[in-house]
Amino acid sequence: MEKERKVIGVMDPNYYAFLVTLERLIAHACPSTVYNGKEYEIATKRMKCHPYDVLNAWTETSVIMNRGAHWNRHRGSFFEILCPKTHLIYNMFSFKAIDKNAGYGMMNNIGLKVPPTWAIPQKDYSKMFEGSKSNLQKDLIFEDHEFFDLEKIGEAVGYPAFLKPQDGGGWIGVTKVNNFEELQKAYDESEDKPMNLQKAVDYREFCRSVGVGPQIMPMHYNASAKYSHDRYLRNEHQAVDFNFLSPEESVEIRQLTKIINAFYGWDHNSCESLITDDGDIFIIDYINAYPDSSLTSLHFYFPGLVKAMAKWLIYCAVVGRRNGYNFMDNWPKFYAVREKGLKEGWDYNKFLDEYEKIADEYWHTDEFEKFCSKSLADFDEKALEFFASEEFDSILQEDVKRFFRIESERPAKYAHYRGIMDFWVHCEKERLGK
Ligand SMILES: Nc1ncnc2c1ncn2[C@@H]1O[C@H](COP(=O)(O)OP(=O)(O)O)[C@@H](O)[C@H]1O
Ligand SMILES: [Mg+2]
């Protein structure tokens with residue numbers, strides 16, 4: 001049988017282990033596959049930074065995991081030109097177009113639960129006047145500034161609340177305020193960042209859920225851990241808790257993540273949800289063009305994420321999935337469902353069920369699942385072999401070396417992650433009946 005070659009482009013400027021594990025896993029678990037009676041050879045290719053012919057930008061790849069492309073103009077335009085000649089995991093247009101506040105407002109419009117949030121203009125414009133660009137930047141300041149009453153905004157949102165930068169990222173500049181005095185102080189110190197004031201959710205459980213196409217992986221998240229790389233640990237003594245969500249919560253979190261990602265056409269995105277004692281699930285941070293995929297953060301969840309990405313990339317390459325021409329294509333469908341549901345008085349779960357249908361249609365969930373069971377039938381077993389191998393262990397060792405800069409700390413860190421990975425292998429063996 002003649003083989004057709006499918007090339008998967010991969011890049012990631014920051015996450016060594018994610019990139020290398022993905023490449024090696026695909027090479028190990030799926031060098032070729034059969035789909036609809038035809039054989040495909042699967043290869044990966046690193047998308048390196050290079051000069052390109054702007055008018056004729058081209059790629060041999062069928063799909064690209066273009067991680068971080070949004071933050072580099074030279075590379076970003078390259079991927080924009082390629083769309084939709086190839087499928088991009090991180091949609092170059094929608095991630096640029098949709099910021100955190102658009103996300104809050106729009107998801108609230110379709111009835112998802114977002115805490116009360118007010119946007120507040122930046123406090124300090126003085127940095128805009130610095131340097132040679134000052135005149136240009138001065139033009140960007142709207143002279144017609146309205147005076148506003150911060151105290152009233154504080155009351156409208158309610159305390160406690162979080163004052164956080166509108167464009168967010170990495171918890172930088174996030175302050176919890178309990179009253180107006182604290183709000184005023186935090187706002188005065190916020191410098192040149194437009195801020196949001198968001199009502200604090202008094203939560204019982206914090207869940208960070210990652211979607212890769214229709215595959216959703218909810219993870220517990222310990223926001224109070226001292227180091228960000230320890231936040232996915234259940235607590236100081238326990239790496240993972242399989243039952244941290246009730247079955248109902250698990251369904252709802254999966255639906256929310258799948259719905260948001262389908263709404264915007266995001267093949268890989270994370271969604272932070274806060275679950276209250278009453279069982280309400282609020283979404284607070286779900287616009288992440290570069291979701292954390294680090295081995296040192298994700299530990300037990302890491303193999304699952306790499307596997308999900310590998311399967312989705314192979315599927316997209318083989319079936320020829322393409323980003324739509326218009327990332328807003330799904331919006332009228334969601335809004336029509338919203339309107340219908342309001343007229344008919346649906347409850348919240350009925351809305352989620354109906355939105356989920358749109359999402360499953362968008363992700364071709366059934367087709368993908370069939371593809372996994374037929375064309376990737378032995379993938380899980382091969383992946384288990386890989387994650388138990390010395391090859392993966394050397395990636396783990398290298399990642400620990402790169403992440404932990406103090407040499408004397410490394411042996412203990414390695415032992416910590418090795419232990420968790422051994423546990424993953426043990427659980428996976430059990431799951432597969434090995
Ligand atoms: N409304 C909220 N209720 C409770 N905690 C919040 C809220 N907003 C933010 N936080 C806390 O602050 C952290 C950072 O805020 P987030 O919106 O996730 O911004 P970032 O983009 O910096 O991650 C969250 O992980 C959470 O611990
Ligand atoms: Mg966050």
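Trainee: Which residues line the largest cavity?
Mentor: This is a predicted model, in which local features need pLDDT of at least 70, side-chain atom pairs count only at pLDDT 80 or more, and totals for chains, interfaces and linings use all residues. Residues are numbered from 1 along each chain as its sequence is written, chains are lettered from A and ligands numbered from 1 in the order in which they are written, and side-chain values use heavy atoms, with hydrogens and water left out. A cavity is a set of points, on a 1 Å grid over the protein atoms alone, where a 1.4 Å probe fits but cannot get out, and lining residues have an atom within 4 Å of a point. The lining consists of K48, C49, H50, Y52, H74, R75 and F78.

Trainee: What volume does the largest cavity have?
Mentor: A volume is the space filled by probe spheres set on the grid points, which are joined across faces, edges and corners. The structure holds one cavity of 30 Å³ or more. The volume of the largest cavity is about 40 Å³.

Trainee: Which element gives the largest share of the lining of the second largest pocket?
Mentor: A pocket is an open set of points with protein on both sides within 12 Å along at least five of seven lines. The second largest pocket has a volume of about 790 Å³, and of its 25 lining residues M217, F300, Y301, G304 and W424 are the closest to its centre. Helices (H or I, at least four residues) and strands (E, at least two) are DSSP runs numbered from the N terminus, and those giving two or more residues to this lining include β10 (203–212), α8 (247–264) and α16 (410–432). The largest share is five residues, from α10.

Trainee: Which residue has a polar side-chain atom 3.0 Å from an oxygen atom of ligand 1?
Mentor: A polar contact here is a pair of N or O atoms within 3.5 Å. On the backbone side, polar atoms of K199 and V201 each lie 2.9 Å from a nitrogen atom of ligand 1. The side-chain atom at 3.0 Å from a ligand oxygen belongs to K100.

Trainee: Which domains each give at least three residues to the shell around ligand 1?
Mentor: The shell takes residues with a heavy atom within 4 Å of the ligand, and of its 18 residues K164, G169, W171, K199 and D285 come nearest. Strands β7 (161–165), β9 (195–199), β12 (268–276) and β13 (281–285) each supply at least two. Domain bounds come from an automatic or database domain assignment, and the domains asked for are domain 2 (99–115 + 201–289 + 324–363) and domain 3 (117–199).

Terms used: Polar contact = N/O pair within 3.5 Å; in protein donor to acceptor, adjacent residues only side chain to side chain.
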